[in-house]
Amino acid sequence: MVLLEKIVRLWEHAFWADRLVADRLTSLGNPPAQAVREFAHVIAAEEVWLARLQGRPSRLAVWPSLAVNELDGVVRRTQRDFSAYLNQLGESDLSEVIDYVNSDQEAFSTPVDDILLHTALHGQYHRGKVNLILRESGHPPTACDYIAFIRGAPAATEASAQAARRKEQGNE
């Protein structure tokens with residue numbers, strides 16, 4: 001598989017995971033504010049990096065103040081726009097260097113492939129933080145691992161691993 005196909009697959013996972021997390025936070029009604037803040041940052045960072053790739057101003061601050069009821073619309077818009085961007089890319093576009101200014105007003109130049117990989121990995125890092133916040137608040141985390149996406153089945157959880165150990169030991 002060529003690099004562009006792998007990057008698109010990674011972004012398909014990111015879109016799937018973003019929808020799962022947005023749905024979980026929305027379903028809680030009153031989720032932990034810190035979890036909403038972390039997840040809003042995931043979506044905002046995707047928008048900020050897409051804006052840099054497209055050479056336009058971002059529609060969101062990198063750490064926006066979004067209410068839980070705003071997440072679904074922002075996720076949908078960002079995914080629609082990011083999908084359109086990815087769909088027009090060719091393999092040779094991945095090495096194009098993008099000049100941009102970061103949120104600290106520092107100038108950088110980065111190839112498209114590195115931006116796309118960074119942004120997808122950055123999202124997974126922060127979705128992990130959202131899950132930690134949920135767990136610490138007494139809510140189950142959202143299973144959004146890449147392997148769960150690829151398999152089309154949830155990844156093992158701590159509870160399922162403990163149940164398997166009990167079964168192996170004949171305790172069930």
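## Overall picture

Among the contacts in the protein with a separation of 6 or more, 65% come from residues 24 or more positions apart. Keep in mind as you read that this is a predicted model. The protein has 172 residues, and 40% of them count as buried.

Six helices and two strands make up the list of elements. Starting from the N terminus, their order is α-α-α-β-β-α-α-α. The C-alpha trace spans about 60 × 40 × 25 Å along its principal axes.

## Helices H1 and H3

Let's begin with a pair of helices. Two packed helices are described by the angle between their axes and the distance between the axes. For helix H1 (residues 3–27) and helix H3 (residues 71–88), the packing angle is about 175° and the axes lie 10 Å apart. H1 is therefore roughly antiparallel to H3, because an angle over 145 degrees counts as roughly antiparallel.

Which residues meet where these two helices pack? From H1 come Trp11, Ala14, Phe15, Asp18, Arg19, Ala22 and Leu25, and they meet Leu71, Val75, Gln79, Phe82, Ser83 and Leu86 in H3. Asp23 also belongs to helix H1. Its relative accessibility is 48%, so Asp23 counts as partly exposed. The C-alpha atoms of Asp23 and Leu71 are separated by 8.8 Å, although the two residues are 48 positions apart along the chain.

## Thr119 in helix H4

Our next stop is helix H4 (residues 112–136), where Thr119 is found. Is Thr119 buried or exposed? Thr119 has a relative accessible area of 2%, so it is buried, since buried means under 20%.

Leaving aside residues up to four places away in sequence, Thr119 touches Trp11, Ala45, Glu46 and Trp49. One of these, Trp11, is also among the H1 residues that meet H3.

The structure holds eight salt bridges. One of them joins Lys129 and Glu38, whose closest N and O atoms are 3.3 Å apart. This pair links distant parts of the chain, with Lys129 in helix H4 and Glu38 in helix H2 (residues 33–54), 91 residues apart.

How do the two partners compare in accessibility? Glu38 is buried, with a relative accessible area of 4%, whereas Lys129, at 29% relative accessibility, counts as partly exposed.

Arg59 takes part in a salt bridge with Glu47, in which the closest N and O atoms are 3.1 Å apart. Here again distant parts of the chain are linked: Glu47 sits in helix H2 and Arg59 in the loop between H2 and H3, 12 residues apart. Glu47 has a relative accessible area of 0%, so it is buried. Arg59, at 42% relative accessibility, counts as partly exposed.

Arg59 also forms a salt bridge with Asp81, and in that pair the closest N and O atoms are 2.3 Å apart. This second pair links the loop between H2 and H3, which holds Arg59, to helix H3, which holds Asp81, across 22 residues. Asp81 is buried, with a relative accessible area of 15%.

## A nonpolar surface patch

Finally, turn to the surface, where Tyr146, Ile147 and Ile150 form a nonpolar patch. Together these residues have about 230 Å² of accessible area.

Ile147 is found in helix H5 (residues 146–151). Its relative accessibility is 39%, so Ile147 counts as partly exposed.

Notes. Residues numbered from 1 in each chain as written. Predicted model: local features only at pLDDT ≥ 70, side-chain atom pairs only at ≥ 80, totals over all residues. Heavy atoms only, no water. Patch = residues over 30% accessible without salt bridge, like charges linked within 9 Å, V, L, I, M, F, W, Y side chains within 5 Å. Areas by Shrake-Rupley, 256 points an atom, 1.4 Å probe, with all protein chains shown as cover. Salt bridge = Lys/Arg side-chain N within 4 Å of Asp/Glu carboxyl O. Helix = DSSP H or I, 4+ residues; strand = E, 2+ residues; numbered from the N terminus. Buried < 20%, exposed > 50% of the residue type's maximum accessible area, 1.4 Å probe, protein only. Axes fitted to C-alpha atoms, helices over the stretch in contact; angles between N-to-C directions. Parallel < 35°, antiparallel > 145°, perpendicular 65-115°, else oblique. Contact = heavy atoms within 4.5 Å.
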